[in-house]
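Hi,

Here is the structure I promised to pass on. Have a look at it first, and then read my notes below.

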Amino acid sequence: MLLKLPNVLTASELASINQALQGADWIDGRTTAGAQAATVKHNQQLDPEDSVCQHIRQTVLQALQRDPLFYSAVLPDKILPPFVNRYTGNSNYYGWHVDSALRAAPEGGRLRTDVSATLFLNAPDQYEGGELVIQDTFGEQRVKLAAGSLVVYPASSVHAVLPVTQGQRLACFMFIQSLVRDTTQRRYLFELDMALVKLRQQVGESAEVVSLTGLYHNLLRSWSA
Ligand code: NI
């Protein structure tokens, strides 16, 4: 399931992030890529130890925590703190690749990458190209969103970032281990939850709504790790 979430960041959070990025020092993006991905990765990233990166990480993680749609769609268990990247000049694309299945978690141990997410940090009219292209069961999807908007998609999909031919593309990406490992089960839960939200608005807490809410939680109980 590919889902676009508008306005994950507020205007003031975006302004604060873009302000911080103005003085940022960029390094080669290949430092965080796996062996296959590194051969096709041509972009720049912030050093995770950099104070600008730390500020952005904190802001983005707080924003995700308050977003009910993100929670319902992803059912996050662990979130790998976001990496901040820039595509411009000669470092302007990321060829077809898959994301590594396992990552070292910051608190120790490992994180299984179930869901990938890209948060766009500058406006699409500030650069040419730079679409995130994702191959999934419905074919190829091209994504280029407003600043502050997020796309989530299965980490198992093959994807690429097309060359930025003018301007610069600023974004951050992150990996999430979901409470529900299976993509299809996660999608069923999301669809059920969204239907329940609408049904509750239409009919209130009817006996059927309560029963279906119970079904949602029982499925989550069965399917979560
Ligand atoms: Ni990737």
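Donors here are N, O and S atoms within 2.8 Å of the metal (3.2 Å for Na, K and Ca), and water is not among the atoms, so sites may look incomplete. With that in mind, the nickel ion is coordinated at 2.2 Å by His97 (NE2), Asp99 (OD) and His159 (NE2). Along the chain, these donors have the spacing H-x1-D-x59-H. His97 sits in strand S7 (residues 93-97) and His159 in strand S15 (residues 158-161), so the pair ties together parts that are 62 residues apart in sequence. Strands (E, at least two residues) and helices (H or I, at least four) are DSSP runs, numbered from the N terminus.

A word on the basis: this is a predicted model, where local features need pLDDT of at least 70 and side-chain atom pairs count only at pLDDT 80 or more, while totals for chains, interfaces and linings use all residues. Residues are numbered from 1 along each chain as its sequence is written, and side-chain values use heavy atoms, with hydrogens and water left out.

Now the domains. The assignment, which is automatic or from a database, gives domain 1 (3-178) and domain 2 (183-223). Their centres, taken over C-alpha atoms, are 30 Å apart. Contact (heavy atoms within 4.5 Å) links 10 residues of domain 1 with eight residues of domain 2. Between domain 1 and domain 2 there are zero salt bridges (a side-chain nitrogen of Lys or Arg within 4 Å of a carboxyl oxygen of Asp or Glu). Helix H4 (residues 68-74) gives the most to the side of domain 1 that touches domain 2, with four residues.

Enjoy exploring!
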